[in-house]
Structures are given as structure tokens and as C-alpha cells.
Amino acid sequence: MAMAESQSSSSSYTHSQDDRNNVALFDRVPPHDDNAEMAVLGGMLMSKDAIGEVSQMIEPTDFYQPQHQTIYHAIIDLFSKSEPADVVLVANKLNDEGNLEKVGGSDYLHSLVASVPTAANATYYAKIVHDAAILRQVIASGTRIVQLGFSADGAQAEDVVNLAQSEVYEMGAGRVRQDYAPISDVVNEALTQIDEIQKGNIAKGVPTGFRDIDDVTQGLQPGQMVVVAGRPAMGKSTLGIDFARAASLHHGLTTIVFSLEMSKVELAQRIIAAETDIPLAAMRRPEDVTVERWGTLNQFYSRLNNAPLFIDDSPNMSLMEIRAKCRRLKQTNDLKLVVIDYLQLMSSGKQIESRQQEVSEFSRALKLLAKELEVPVVALSQLNRGPEMRNDKKPQLSDLRESGSIEQDADVVFLVHRPDFYDKEDRPGEADIIMAKHRNGPTDTFNLAFQGAFSRFQDMPQDYAQGV
């Protein structure tokens, strides 16, 4: 009996010791980083592109400080209505809701902006905030599991384990997307798509405007990263713009061109020349723009009403900006094609060990963007001097400049080659578009006419014999 009392006393002591340890453990301040939370909000108040990026990564409850949750809510509300979300407008919204003083007033909002030198690192700080929120959720779930164990009250241990497992599952359910699907569902989706294409209910892909290329590729496919590469002045930008013209102006598909090399006006002049048969050089000589040509230009302008082609020539454009703008166009205009001219001119906005690593990051990110938005992304790229070292001057896949990962990430690679660039007597006016990679089909070489005066490529006649 004494032994039983002794055991009971010992057990009681052990439990009370554990309880004290639990109190000590859970009385600690949960993981959070106030500086990171402030930096995220400061970046969002500075840049609408940062808002688009951050909103994909974190939720209001990821913020530990209630005042930060309230500010985040206000920013997202304005952003979702396509309204600016700067310090003044967010302060006005908070004031209208009666929350401005609760979050620390306008001075606190200004201090958030002052806490970060640039919005470029907003996603980095957002990850810190998100990770801390997950750790808090782990602690909360762990606490509930401990309580389940102490309050079992004679329940079967197996039932308690099931409840504990359910708790852990619920914790992860909101963080992990169920992207997997049974093969039967996937095959059914593929067969349905084939059936719909045969019936003519859905298009094969985004048309390039070139007969033979579209025949082999069935159009540029959603989720594909398509690389158009060439040496300088070979015509890669012209081919990329030809793809954009075909999709938007001739098939009504929303397209955006990010022009990191040419200005909007230069790009517009090229499009005008290609669409109106007025030489590009004539637009730079006033005396060559006759009354008849003015009539043609006005007719073309009237056709452009509501044309779904967008051009962005912002300097030093970062990957974050491009992603945010594409997501916005996908939501508002059902984006179908993205063209980026060109890959090596993109900026990451942060220090990188090497240029090769930076271009590799761009390439991978653009492939992920294509998959996320389910649109083809056409990325123009420079080739190195490899072709000029060969006798035939023909480019190869290995000539892709600065990064082998472009070749790996791309689903389709077109290499632009014009023999008359090196020898004016060698097939003048002709171009070879070499499909050096085609992940979902055969490779081929397409013979097109290059009309530099009108800044465009065109199909050769079907009965044309190359070299004749």
C-alpha cells in the first residue's frame, strides 16, 4: 500500500513537473519577425507590382501583429479594385473604416515605407513572414494535440491518435495544393481536348502566322516556353513581333510585348510597316508619306480600335514586374501570349554571383510563368559568336548565349538564319527558321521570305523550290 502511495506520489510529481515544462514552453513568444512584416508592407506601399507578387505568397493571418494584418487587408482591398495603394490612399481607407489610429496613424504608414530602400526584396521578406506563420501553426497544432492527450477521459488511444493525425493534416491542408490527379482523369481530359479540336470548338494553339510552322507545331501551346534566338540584326525581334501581330491583330488573342530593347514608338513603326506595306524608312522621311499613304495609315489606325495588343517598354524591367503585369492581364484581359525582347536585357534587381546564373533564373522563372498562366511565353535571346566561326554560318542549339539552362527550359527553340546577311548573293531575301528543339514533336527547318523594308517575315509560295 505504501508502495502504491509512493508510486502515486511520484507520478503526481512527474505530471506537475511536465505541466511546468509545458507552461515554460508555451509561455514563450511565438516565432515572428516584426522587421520583415514592416518591410513587406513598406514594399507593397511603394510598388503595385510588389503587391501582386506578395499577395500570391501570404495571407493576412500570416502577419503576427494585428495592426499589420489590418494594413495588409486595406492594401489588398484597394489592389483588388485596380486602385492605387500608396500611403495616402491606404490611410484614407483605414480612416474611413475607423482603423487608422488603431494601426498607429499616418506616421506609422510612412515609417513602413521608410523602413525599406526598395520594393525589389518584398518577396524575400514575405517568405520570412510566411515561414514564421507556419511555425506558429505547428506550435498551435502541437498544443492542441497535447490537450487531446490530457483530456482523453478513457477514450481509446487509437481514437486520440486519429484526432492528432487529423490535426496535423488540417495544419498542412491549407498550405499544400492538391495538384496531383489520377491518370484516368488526365487521359480523359486529353481525349476531350482532342475531340474538341476535331470539332473545331477550340483552337489548336496560338497561331504564329506562318503556314508551315503552324502545321508542325499546331500553334504555340499553353504552358510552353518558346525561344527565338539569333545573332544581332538577324531578325529575331522581327519574328517575335510577327508572332505577336498574328495572335493579336489577326486572331484577336490578347498579347503583351515586353520590349527591353526598342521604344514603344520604334515598335509601333515596325508594326505599321508590316501591316500597311509602307516601308519603315518612309516613316522617317516626311516627304515620303504621301496623301495616299496617309489614307492607308488612317485606315490601319481605325482597325486598331480595341485590338488586344499591349506594349511595355519600361526600362530596367525586373522579373517581378513582368510576372505581376502578366498576372494582371490574365485576370483582366484573358492573356494568351507573352513576348519578351530580349532575355539578356532583363534585370533581377539583386546581386547575383554570375550573369550566367542570373539568366538561368530568368529562363526557369519564365517557364514557370508559362505553366502558371497557361500561356505560351516567347523569349527572344542572343546567340554567341559560334555561327560566325563556321563555314556555313548556321546557328546551333549550343550557341545560346550565357546559359545552358535556356536550352533545357525551352519547349521549342527557333534559330533565325539569313544567308544573305553574310553573302549578299547567297539566297537573297530568304531566311531559314531552324527549329532546333521541339519537345512535343519533330524538328524542322522553315524557309521564309525576309522583307526587311517592311520589318516582317512571310511565307514562301507553296510551290517555291529553295535555291532556284
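**Figure 1. Start of helix 3.** At the start of helix 3 (residues 48-55), a side-chain oxygen of Ser47 comes to within 3.2 Å of the backbone nitrogen of Asp49. A polar contact is a pair of N or O atoms within 3.5 Å; within protein, one must be able to donate a hydrogen and the other to accept it, and residues adjacent in sequence count only if both atoms are side-chain atoms. Helices (H or I, at least four residues) and strands (E, at least two) are DSSP runs, numbered from the N terminus. The model is predicted: local features need pLDDT of at least 70, side-chain atom pairs count only at pLDDT 80 or more, and totals for chains, interfaces and linings use all residues. Residues are numbered from 1 along each chain as its sequence is written, and side-chain values use heavy atoms, with hydrogens and water left out.

Figure 2. Buried means under 20% relative accessible area, exposed over 50%, and partly exposed in between (1.4 Å probe, protein chains only). The buried residues are Asp49, Ala50, Ile51, Gly52, Glu53 and Val54. They pack against helix 2 (34-46), helix 4 (66-80), helix 7 (122-150) and helix 14, where contact means heavy atoms within 4.5 Å.

Figure 3. Nine strands form an open sheet of mixed pairing, in the order 3-2-4-5-1-6-7-8-9; two strands pair if DSSP finds at least two bridges between them. Strand 3 (309-312) and strand 9 (456-459) stand at the edges with a single partner strand each, so one side of each lacks a neighbour in the sheet. On average, neighbouring strands of this sheet are turned by 25° against each other, direction ignored. Axes are lines fitted to C-alpha atoms, for helices over the stretch in contact, and angles run from 0 to 180 degrees between N-to-C directions.

Figure 4. Strand 2 (residues 255-259) and strand 3 run parallel and are joined by four bridges, with Phe310 of strand 3 as the bridge partner of Ile256. Helix 12 (residues 264-276) lies across strands 2, 3 and 9, at about 145° to strand 3. Helix 14 (residues 319-333) lies across strand 2, strand 3 and strand 4 (337-341), at about 160° to strand 2.

**Figure 5. Strand 5 and its partners.** Six of the six residues of strand 5 (residues 377-382) are buried. Val377, Ala379 and Ser381 point one way, whereas Val378, Leu380 and Gln382 point the other way. Strand 1 (residues 225-230) pairs with strand 5 in the parallel sense over six bridges, and Val228 has Leu380 as its bridge partner. Strand 4 runs parallel to strand 5 and is joined to it by three bridges; Ile340 has Ala379 as its bridge partner.
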